[in-house]
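Here are my notes for our discussion. Please have the sequence and the structure open as you read.

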Amino acid sequence: MPLAEIEGFDDDGVLVVTVTGELDVSNVESLADVAYDLPNDALGLVLDLCAATYIDSATIGLLFKLHGALRRRGQALRVVCGPGSSARRVLELTGFDQSAPNELDRESAIAAIRHEVPLGG
Amino acid sequence: MAAAVTLTRASPQTGQQRSSTLGQPLAVPRAAPREPPPASTDILLVDDDEQSLAALSAVLEPLGQRLATARSGEEALRRLLREEFAVILLDMHMPGLDGLETARFVSARAATRHIPIIFLTAHADDVEQVFSAYAAGAVDYVAKPFEPDVLRSKVAVFVELQHERGERVREARARAEAETIASTASKLQRISDAALAHLEIDELLREILQRASAVFDADAAGLLLSDGEASRLTLLATGGEHGKPAEPYGAISSEGLLAAVVGGEPLHVPELRREHDLPGALAAVGLRSLIAAPLTAGDQRLGALLLGSRTARRFSEEDLVVLGLSADRAAIAIQHARSYEHERGLVEMLQHHLLPDRLPQAPALAMAARYQPSERAAQVGGDWYDAIVLPGGCVGLAIGDVVGHGVRAATLMGELRAALRAYALVEPASPGAALERLNALVASTHGAGMVATLLYMVIDPESARVRFASAGHLPPLLMSADGETRFLDHRSAPPLGAIEHANFRAWESHLSVGDTVLLYTDGLVERRGEAIDVGLQRLRDALSTAPGDLERLCSHVLARAPGGPGVSDDMALLAVRLSAPAEGRLELDFPAEPESVSLARHRLERWLQEMGIGEDDVFAIKLAVSEACANAVEHAYGPESGRVFHLFAERSGGDVVVQVSDRGRWRTPRGSQRGMGLKMIEQLMDTVEVQHLAAGTTVRMSKAPTSDERG
């Protein structure tokens, strides 16, 4: 059984990627592969970690890199995780929640991206 | 009389003898001078990259050997036609003839086949590449960028071996020369014959002394062996009824009378006096006269051979001549025995290096192992065992016997062990498939006739299931907790290398808690002239009467193995017992791979829950430990045997203490995010200590649970 299921779908110009399971040094690269596949004309990327039961420093390292890379491309990133969830605890522990925008649920994240990048690309 | 001492000296310029005081020159003919040994051995460096050649030269320069370089496979082969080399360092990737092709040419030519090849590969983890290299005749490989120390010590071992080979060829030549001189003196034949060539050094010394004192009818014979500053005298005093046995007298001063003999000058003292200041051991025998000849082999001064009499005896001129010749031959025999012992030491070192220095720890498994080299020098090497941590909590156990002995057997053993470790990870669930791959490798590398037996077993402590396959090896012996013994059911496939495409079926058994499985080599059961069943029954009896503790069990079984003169094999033994999981502590090894981090995390999480630790603390501890494990995986890039990390957890007082150790080198975190793992650990745990030692890195953490559910 794989450590995590990673699935992506397009929500009208926003790529939504959900992670179910655990992310660590052994499988964080597969998340990177999906995230960096973001089309140039997409508005941005929502990374939904609500169903992620575990994330580690390698995951946070990727989030910081994605945040910088997408900003340079004029696209937005929103990380989503519920209050008190495992993922949120790690975001707080590493200060990612203070450095990059994140949301408590997927809908607010998609709306935030549409608001931030209204014209697309 | 002015002096009673006659000293003869060989004048180095003229080769004439001159004598002092007594004016009675004694011609002491000596063996013809031999070819001096070459000052150094050549190392051939083959690489198309200039910078790489320069780097290799710089690393190997301290070895003091001559370095020759070639910039292509073709150039290397041309040099090999004209020149002798002790070892070749060969780059894998070169335009034109590549490393593998070059190696195949080298091992195809009779004149170059014996030259060891060390491959330089670009990627350490490219298993296929390394196996191709072995198939093409390589004895070792080093991954680029290489560690200077590792490379230098590997090359040094092969230079040493090659040098010894040269020494033996030269000694054989020297002995042939001595033979021709010997035919002129029948007495000489009695002192040193071919029988001496096979004795170990202590026996050899005793034999030389007995023969010399008999031939010369002397009251005492002695060998003074000088080893740098210290000298050791072995003295045999005859007289009385049967004479005294030879005894080493230990270090004596090499000053005085005998120093000149060690320095190369024969000595004849017809009447000894106090001022001669004889070593105490000689004085104690009551000697009155003495002759001595230097022991020299080539340009090496080994010491002196001396004969004494309790009467004031003037030894004849012939005595002196024969003593001189005897000393020459004894010196060669002694040097030979020494280099033989040195080689034995080398093989033992190799063997020791190739066996695991510690067995891995696995939950619910206890393990102990023994390797006992043969007492006979020529029989060292060949038996081996290994224990491999597999993904998923299983442990692979191997025991094998390479037919043959010495450096070659030890080297093949090393190849098998390295290859099995790789195949075990590729085929973690199928011991049969792992042996099939290994068999194909042996068959293609060594051809028919190179036979090794091997039993490979995978134990899953969780399901208590064992699966094993056997390549001509003796059956595993099982003992249940109540002391019943039986051999595990299976049919053995042929030994490795016997048939190119052999089928290795895996056999399965189930264990119960308390069951002990014993893997062993034939030295533990076989005795010449005895049916194998008798030996196997003896092993069952030994096991069923063994103490419970596994270490003591191994000693007990070894002590009951066949001994005595008919037995000359080395022995290996591996015992494993399925135990109930230990309470209160967790101790596990994992392969140093990214996939292991989650295995370690889940195992720790279960243990923390079993310990009744509350959810928040479980989360914090598993996050911190998982980060430490990820660091360990990243550091553990050292030698293969070190590619394991160790997880230890216990309740200590109220605290949870966890330790993660690796055997790699600490790498300073790079990049902006690289130190994040360690910072997280520091925030999550109460205390964190990071210890960087040469042997590896240990992260020790503790936390007092705030939400202990036990209350």
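This is a predicted model: local features need pLDDT of at least 70, side-chain atom pairs count only at pLDDT 80 or more; totals for chains, interfaces and linings use all residues.

1. The residues in question are Leu539(B), Ala542(B) and Leu543(B). They lie on the same side of H13(B), because their arc around the axis is only 95 degrees.

2. **Length check on H13(B).** This helix covers residues 532-544 of chain B, 13 residues in total. At 1.5 Å a residue it should span 18 Å. The C-alpha atoms at its ends are 19 Å apart, so the model agrees with the expectation.

3. **A sheet in chain B.** Five strands form an open sheet in the order E15-E16-E17-E18-E21, and the pairing is antiparallel. Strand E15 (383-389) and strand E21 (507-510) of chain B are the edges, each pairing on one side only. On average, neighbouring strands of this sheet are turned by 15 degrees against each other, direction ignored.

4. **One pairing in detail.** Take strand E18 of chain B, residues 465-471. E18(B) pairs with E21(B) in the antiparallel sense, over 4 bridges. Val466(B) has Ser509(B), in E21(B), as its bridge partner. As background, strands of a sheet pair through backbone hydrogen bonds.

5. **The contact between the chains.** Chain A puts 14 residues into the contact, and chain B puts in 13. On the chain A side, helix H2 (57-72) and helix H3 (86-94) are the elements that give two or more residues. H2(A) gives the most, with 5 residues. By type, the chain A side divides into 6 nonpolar, 5 polar and 3 charged residues.

6. **Make-up of chain A.** What does the secondary structure of chain A come to? It has 5 helices and 6 strands. From the N terminus on, the elements run β-β-α-β-β-α-β-α-α-β-α.

7. **Burial and contacts in chain A.** Chain A has 121 residues, and 44% of them count as buried. Consider the contacts in chain A with a separation of 6 or more: 71% of these join residues 24 or more positions apart.

Note on methods
Residues are numbered from 1 along each chain as its sequence is written. Chains are lettered from A and ligands numbered from 1 in the order in which they are written. Two strands pair if DSSP finds at least two bridges between them. Axes are lines fitted to C-alpha atoms, for helices over the stretch in contact, and angles run from 0 to 180 degrees between N-to-C directions. The expected span of a helix is 1.5 Å times one less than its number of residues. A residue is buried if 20 or more other C-beta atoms lie within 10 Å of its own, exposed if 12 or fewer, and partly exposed in between; C-beta atoms are placed from the backbone. The arc is that of the directions from the helix axis to the C-beta atoms. Two residues are in contact if their C-beta atoms, placed from the backbone, lie within 7 Å. Ala, Val, Leu, Ile, Met, Phe, Trp, Tyr, Cys and Pro count as nonpolar, Asp, Glu, Lys and Arg as charged, and the others, Gly among them, as polar.
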